[in-house]
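Biologist: I am new to this structure and would like a close look at its aromatic rings. Could you take me through them carefully, and then show how the chains around them are put together?

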There are 4 protein chains.
Amino acid sequence: MKVGIIGATGYGGVELYRILSSHPNVDECILYSSSEMDVPYISSFPHLAHLSDHILKDINVEDIKNNVSVLFLATPPGVSKNLSPQFIESDVKIIDLSGDLRLKNSEEYEKWYKRPCVEEDVLEKAIYGLSELNKEQIKDARLLANPGCFPTATLLGLAPVVQKGIMNENSIIVDAKTGVSGAGRNASQAFHFPEVNDNMRIYKVNEHQHIPEIEQMLRVLNEKVSYISFQSHLIPMTRGIMATIYGSLEDSYTTEQLLTVYKEFYKDSPFVRIRRENEFPATKEVYGSNFCDIGLKVDERTGRVTIVSVIDNLMKGAAGQAVQNFNIMCGFNETTGLQAAPIYP
Amino acid sequence: MKVGIIGATGYGGVELYRILSSHPNVDECILYSSSEMDVPYISSFPHLAHLSDHILKDINVEDIKNNVSVLFLATPPGVSKNLSPQFIESDVKIIDLSGDLRLKNSEEYEKWYKRPCVEEDVLEKAIYGLSELNKEQIKDARLLANPGCFPTATLLGLAPVVQKGIMNENSIIVDAKTGVSGAGRNASQAFHFPEVNDNMRIYKVNEHQHIPEIEQMLRVLNEKVSYISFQSHLIPMTRGIMATIYGSLEDSYTTEQLLTVYKEFYKDSPFVRIRRENEFPATKEVYGSNFCDIGLKVDERTGRVTIVSVIDNLMKGAAGQAVQNFNIMCGFNETTGLQAAPIYP
Amino acid sequence: MKVGIIGATGYGGVELYRILSSHPNVDECILYSSSEMDVPYISSFPHLAHLSDHILKDINVEDIKNNVSVLFLATPPGVSKNLSPQFIESDVKIIDLSGDLRLKNSEEYEKWYKRPCVEEDVLEKAIYGLSELNKEQIKDARLLANPGCFPTATLLGLAPVVQKGIMNENSIIVDAKTGVSGAGRNASQAFHFPEVNDNMRIYKVNEHQHIPEIEQMLRVLNEKVSYISFQSHLIPMTRGIMATIYGSLEDSYTTEQLLTVYKEFYKDSPFVRIRRENEFPATKEVYGSNFCDIGLKVDERTGRVTIVSVIDNLMKGAAGQAVQNFNIMCGFNETTGLQAAPIYP
Amino acid sequence: MKVGIIGATGYGGVELYRILSSHPNVDECILYSSSEMDVPYISSFPHLAHLSDHILKDINVEDIKNNVSVLFLATPPGVSKNLSPQFIESDVKIIDLSGDLRLKNSEEYEKWYKRPCVEEDVLEKAIYGLSELNKEQIKDARLLANPGCFPTATLLGLAPVVQKGIMNENSIIVDAKTGVSGAGRNASQAFHFPEVNDNMRIYKVNEHQHIPEIEQMLRVLNEKVSYISFQSHLIPMTRGIMATIYGSLEDSYTTEQLLTVYKEFYKDSPFVRIRRENEFPATKEVYGSNFCDIGLKVDERTGRVTIVSVIDNLMKGAAGQAVQNFNIMCGFNETTGLQAAPIYP
């Protein structure tokens, strides 16, 4: 099978390449870039010397249709709007890592993303690819909207208690922390090393475009969910997301009971690891892997539960989950090409 | 005036020394240590070469009484229990940076600290030294319990809305993040560089000993407060605390209105800086200084406000506030010796 | 094939496990530890949840002889001295990652390591495992001394110009920098996060035990080499070694000519990547991989060449090279189990 | 006295402001910027809230002449070429922190800086401001070329042994390491956090523009010096420079003898601290201060000495030394406004 990556010179693109280039069912990986073409890939990424002799190709829709079975879009917001529709009638399956196809309501998209949304008929065809929560639909998807990094960590942390009505639907508060690679590869002063090192900041207060994505999926799980509080913080680390989630329990539960609920909910999900009581995951414990690790604890004093969910933002939060969805869409084992252990330390 | 520091070889002690050694009202700073004595201070801290010729002295109560007007205890938990009472009848004023004297309820202390509490009559004499909230009592204090780092950031962030009943008293959730120097200078695997770098973790879930300290002071501000949710996270940075605080508003307020409330509340507090609308403080913006910077924003969708409060844990969270209290106790200007700008970047 | 790892709870041990647990020729990996036994491995390393159900076993020589074909010793200095000799008459091949078997001269060992050396007859049997420089001997090795991290980076950087007499043998200066994981997993104040973060230091000035190891191998390449200058620096990063090497050229060479010499020298070495002119490797470009990347440049003004050699200290500097040697010793392809791309960023 | 800072929105400028705003002999500090004007300074640097109410002013030569006694240029290369000459006939003393006025040979400047040099007559008037080595000339300077960060650390480390002919003049090798703030405040991909964190790289191999600056001053100390080897490395830290210097001794010296030479050489230099035998400075030990700390050790095996010299690149490497020179030029005590202890940790 031949696959293509558009946006191969970004962090999401190169992580896709890392996985797909050793995926046993992928024969060839064709790399496209709008910014650089006819240039060796190792000019952008010298760490791939001896491993890649790819030349970056210009984005040509006909060429892609003729050569590629599955196309990954690891592109900035707005690119997919123009590109995806051109493949809808073709045999090429699309996995879009951008946020362009995730929100079903185009007004919401335009409100939060502050740019025009893709056409409604395209949106309708897009399947939301949170692998663990939507596997049946993903199997038949031809146009897949790969989830955002924060929504992945948050939704996997919340799904069991929200779906079962264990958590009060209007009490959900998510305090999220992310490493800097989530901001992409383009330099800007906000991510200049001396501004980030030994420092931390909150950003996009009340305005993160991942908020409606989280709420949309929570309402699929439980229609009573209205609005959540969600804040994002920039942490001086390269990779990793932690979502610390707070919510009120509708009834009295022990930590042990909730852990049993989570283990049961995720018993067929190889990438979700529920930690033992009194053990909580650190971000580095999933570094370079596709795992989502979850720990939780009930506070009897307040009647709230705290849920901690961590992922590697470039893996389960982007490229790893995209390949997991690729596996599901192609009928491969879900874990193919994704079995590598986290790198620690 | 002569002052003494017990525990001078710890991070809190050396930060006290940094401030006090250039304090215009301090003539001499005598350094005591239980672990090292008759050793030059610069053996522990070579960055003080040319600046200090101090020899660490053994802790001798009579010697201290004869030589020192104010004694700072920058000691591990449990030390103050034995040491403080010996000075109560003396002329020596005590400023205790440990947690031993902060909780008025000795059962609470023993429950959260898991060690015996100081005697009740000593506790009664101890004044809680959150400078901005307790200034009148601090003026006459002879035994001062200097606040913890998390309580300082949290309480300064919450005081205006809690005291005025603007925030629902049972809706308070504090997601706190700290740099590693807050854990002190003793090495342990949890703070081994490869375990912390490029990583983050939650710790002491539901069990942080600063929780009852925060609740105790919140109830002084507003007796309706019962329990808060508070979680602490370890961030790969040396200094800095951020408390991200969530709570429901009892009525409808705009961000602008709340900022006005905060500016009014802190109008006589030189170390509290309320940020402009849509501006939020990063931890590095208070690095090395005694400031507490606060930003906030109302979310009309959820009816909650998010308050961000940052301090340098070794300054306003420990040594800086101790000197601020020292100034208040001695009748000096509150900012004496504490006017240095943050170091940035 | 069954292999064993002694010292599985250290950083070198867990990196060995990461590689060997997915090595296609390894059927089972048995983990031994002197500090913890009958305990699940994931208690030490929760990042291996779902990936390992190993129970740490006590070190029992008979048990090892009966169950294991190749035994890796990832142990502190001094352990191998007692353990290795017990396997010499057995069928178990030993790969020792410690420094105990590397120096052929036992007086040198005792001078630099400040502890008793292993017996001479054991030393004689030990083969020095710098894979690229000693491949023929490694093929038949039954007792392999895996090189140190600094010697690996330094020797691969120097070998072509020293062996061919291009560099003046008495002009060699090596300025080495290392990440902190090279110091192992045990906490100490020197590696306490606040002491290392945003900081750097030189250490073991003129006294690093890797100096005689480098000199010994350089003299194998060129008997005229006498002494080198070598200094090591601790850098605030988790993984990575860079050796910046300076030396005088005996004759006039261009950078291009030297690069050709290096490419020819390493043409059969899949893990050594010679960079193009004016391109120099960063440590992160080999992160998590077994590569050694080398760049160099001649300075016509001074007649010296600067050579930059980088490795991941836990991979090519320890566990990766150990598996490379394991492959060579067992007749597998040298790269088996080691083909993963570096993780970037 | 009124002083002006041009380039106040850069890292060098804001560090100048930090020092000068609390300098007892400075009444007013006027801030100029070409990129932003009529904007509050705290818009660029919110950490200065409550400390600065400055409005950035446009650069107007007449306005400066009328209002300012000493003008600091903390500007990118090329700016000083146009600006400095306009003040030569005026009463305004100029302290230029850029490299434009440092090299006496304009051809050298154009070769290394790759831009046109300032006019020869302006160059002639410029005094090189390495305070410890050039104090007499600095006293009368009206146009001062403040040294580069690497030259400061390197020259202070080398001066005693080069001036006295103790070190072979053609054996000097400098391996320099720097934090990222030395690259300034403008973002670029090379300094994007994920590219720098947990990583290190060499840069400008053989081409650093500080090389001729170092050699020029070394030749003033000892005319036999020809060329040095100098390489610079980027370290994942915000502040700090370490120069590790290697050279051959002309005669046999002990470490103790050399330390005595250094202590004598710098006996009137309050900012140079010579470490005790077997003690070497870490960069953080001068963090935020104007100190240069030096340690050294002789290697009898090789006949070489290794000298380690550390500074804070924004302080002794830029703004701190500029103020030290300002003090000398104005007849103040050399340490005025510069006595603050390093911040540790």
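**Aromatic rings and their surroundings**

Modeller: A search of the whole structure finds 40 aromatic pairs over all chains, where rings of Phe, Tyr and Trp (its six-membered ring) pair if their centres lie within 6.5 Å, and planes under 30 degrees apart count as stacked, over 60 as edge-to-face and the rest as tilted. One of them joins B:Phe150 and B:Phe230 in an edge-to-face arrangement, 5.3 Å centre to centre and with 70 degrees between the planes. The pair links distant parts of the chain, since B:Phe150 belongs to helix H8 (residues 149–163) of chain B and B:Phe230 to strand S9 (residues 229–234) of chain B, 80 residues apart; helices (H or I, at least four residues) and strands (E, at least two) are DSSP runs numbered from the N terminus.

This is a predicted model, in which local features need pLDDT of at least 70 and side-chain atom pairs count only at pLDDT 80 or more, while totals for chains, interfaces and linings use all residues. Residues are numbered from 1 along each chain as its sequence is written, chains are lettered from A and ligands numbered from 1 in the order in which they are written, and side-chain values use heavy atoms, with hydrogens and water left out.

Both B:Phe150 and B:Phe230 are buried, a word that means under 20% relative accessible area, with exposed over 50% and partly exposed in between (1.4 Å probe, protein chains only). In chain D, D:Phe326 and D:Phe332 also form an edge-to-face pair, with 5.8 Å between the centres and 65 degrees between the planes. Of these two, D:Phe326 counts as buried because its relative accessibility is 0%, whereas D:Phe332, with a relative accessible area of 22%, is partly exposed.

Turning to the chains themselves, chain C can be laid on chain B with an RMSD of 0.0 Å by a turn of 180 degrees and a shift of 0.0 Å along the axis, where copies are superposed by least squares on the C-alpha atoms of residues with pLDDT of at least 70 in both. The two copies are therefore related as by a two-fold rotation axis. The same surface serves both copies, as 100% of the contact residues of chain C recur in chain B, contact meaning heavy atoms within 4.5 Å.

This contact takes 19 residues from chain C and 19 residues from chain B. Between them, chain C and chain B bury about 1700 Å², 55% of it on carbon and sulfur atoms, buried area being the accessible area (1.4 Å probe) that two parts lose on being put together, summed over both. C:His192, C:Phe193 and C:Pro194 supply 37% of the area that chain C buries against chain B, more than any other three residues.

Helix H1 (residues 11–20) of chain C has 10 of its 10 residues buried, so it is largely enclosed by the rest of the structure. The buried residues of H1(C) include C:Tyr11 and C:Tyr17, and what covers the helix's buried residues includes helix H9 (193–196) of chain B as well as strand S1 (2–6) and helix H12 (315–330) of chain C.
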